[in-house]
Amino acid sequence: MTVSHSNHRPAPAIKALALGLLLGTGMAAASTAEAAIQFFDAKTAFITATGAAATAPFPDLGPSTAQGATTFGDLTYSSPTSANLFFANFSARIAGNEIAISGVSNLDVALANPVFALGFDFVEPEFDPNLAAAFVDSTFDVGLFNGATPVGSFSFNAPEDALYFAGVWSDTAFNRIEIRETAGQAENEFFGQFYTGIAAADFTPPTILAGPPAFALFAFGLAGLGLLAAPARRRR
Ligand SMILES: [Ca+2]
Ligand SMILES: [Ca+2]
Ligand SMILES: [Ca+2]
């Protein structure tokens with residue numbers, strides 16, 4: 001029986017290979033249907049690349065004025081759990097005012113018109129004022145959606161007590177985002193100025209317009225590795 005088992009060993013490997021190829025094909029097919037996105041944690045680079053502009057700033061409604069879903073300009077801010085939103089100057093690290101959220105800092109943002117780029121200023125306080133509960137080093141997931149269709153997602157964990165920026169650029173339009181504090185509790189984080197852009201990202205790799213034939217490129221590559229460039233030794 002041992003021999004028989006040994007004789008059949010290659011079969012599972014072949015099956016695994018075939019399955020891998022099938023999975024590979026499936027994954028490739030899936031990836032072509034999905035949007036490509038690029039994450040930015042540098043606001044200047046984000047604005048330069050995407051042409052995004054600031055959206056309507058938040059007014060200072062006072063730190064104890066609880067709001068439900070609230071619209072400023074083209075963006076509507078709401079809690080997926082009907083938690084209270086507060087619009088006030090909670091953090092000196094962000095110019096203007098910020099959103100703070102009661103409970104876990106989950107935030108939905110709906111856009112009146114589809115966009116390709118979105119970013120926001122953000123502060124995670126640890127020793128800064130207005131923490132409101134025991135500090136937790138929070139992780140956020142941000143999902144981009146076009147209606148009910150997921151377009152892409154990214155995660156971030158901001159440094160504490162520092163001005164942070166999270167931005168994303170997509171080759172596919174989206175009209176709402178879901179920000180979820182996947183690690184964290186009721187301690188506050190602050191969402192500041194939002195930015196949106198309507199220029200689609202183009203992540204198509206640059207094509208080689210003209211060049212030497214494939215073999216020459218191959219030989220050049222080998223030469224680069226020093227495989228062809230080594231001078232032949234002369235016979236004495
Ligand atoms: Ca936190
Ligand atoms: Ca953090
Ligand atoms: Ca929190």
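What follows is a chat about a predicted model of one protein chain.

Colleague: Before we start, how are the residues and chains labelled, and what is counted?
Modeller: Residues are numbered from 1 along each chain as its sequence is written, chains are lettered from A and ligands numbered from 1 in the order in which they are written. This is a predicted model, where local features need pLDDT of at least 70 and side-chain atom pairs count only at pLDDT 80 or more, while totals for chains, interfaces and linings use all residues.

Colleague: What does the pLDDT look like here?
Modeller: pLDDT is the predictor's confidence in each residue, from 0 to 100. The chain averages 84, and 75% of the residues score at least 70.

Colleague: Where does pLDDT stay under 50?
Modeller: Over residues 1–32, and there the model has zero contacts beyond four places in sequence. A contact means that two C-beta atoms, placed from the backbone, lie within 7 Å. Where pLDDT is low, the predicted coordinates should not be read in detail.

Colleague: OK, how many helices and strands are there?
Modeller: The chain has four helices and 11 strands. Both are DSSP runs numbered from the N terminus: helices are H or I with at least four residues, strands are E with at least two.

Colleague: How much of the chain is buried?
Modeller: 28% of the 236 residues. Buried means 20 or more other C-beta atoms within 10 Å of the residue's own, exposed means 12 or fewer, and partly exposed is in between, with C-beta atoms placed from the backbone.

Colleague: Why call β11 largely enclosed?
Modeller: Because eight of the eight residues of β11 (residues 190–197) are buried, the rest of the structure largely encloses this strand.

Colleague: Which strands pair with β11?
Modeller: β7 (residues 107–123) does, antiparallel over six bridges, and β2 (residues 53–54) does, antiparallel over two bridges. Pairing here needs at least two bridges found by DSSP between the strands. Phe 120 has Phe 194 of β11 as its bridge partner, and Ala 54 has Tyr 195 of β11.

Colleague: What about the largest nonpolar core, who touches the most other members?
Modeller: That core has 41 residues, and those touching the most other members are Ile 99, Leu 107, Ala 117, Leu 118, Phe 122, Ile 177 and Phe 190. β7 gives the largest share, nine residues. A nonpolar core is a set of buried Ala, Val, Leu, Ile, Met, Phe, Trp, Tyr and Cys residues joined through C-beta atoms within 7 Å.

Colleague: And what does Leu 118 touch?
Modeller: Leaving out residues up to four places away in sequence, Leu 118 touches Gly 167, Val 168, Ile 177, Phe 194, Tyr 195 and Thr 196.

Colleague: Switching to Phe 39, where is that?
Modeller: Phe 39 lies in strand β1 (residues 37–40). Beyond its neighbours within four places in sequence, Phe 39 is in contact with Phe 154 and Val 168. The C-alpha atoms of Phe 39 and Ser 155 are 9.1 Å apart, though 116 residues separate them along the chain.

Colleague: Why is Phe 39 called partly exposed?
Modeller: Because Phe 39 has 16 other C-beta atoms within 10 Å.

Colleague: Last one: what is phi for Ala 132 and Asp 161?
Modeller: Phi is near 75° for Ala 132 and near 55° for Asp 161, positive values in residues other than glycine. Most residues other than glycine have a negative phi. Ala 132 sits in the loop between β7 and β8, and Asp 161 in the loop between β9 (149–156) and β10.
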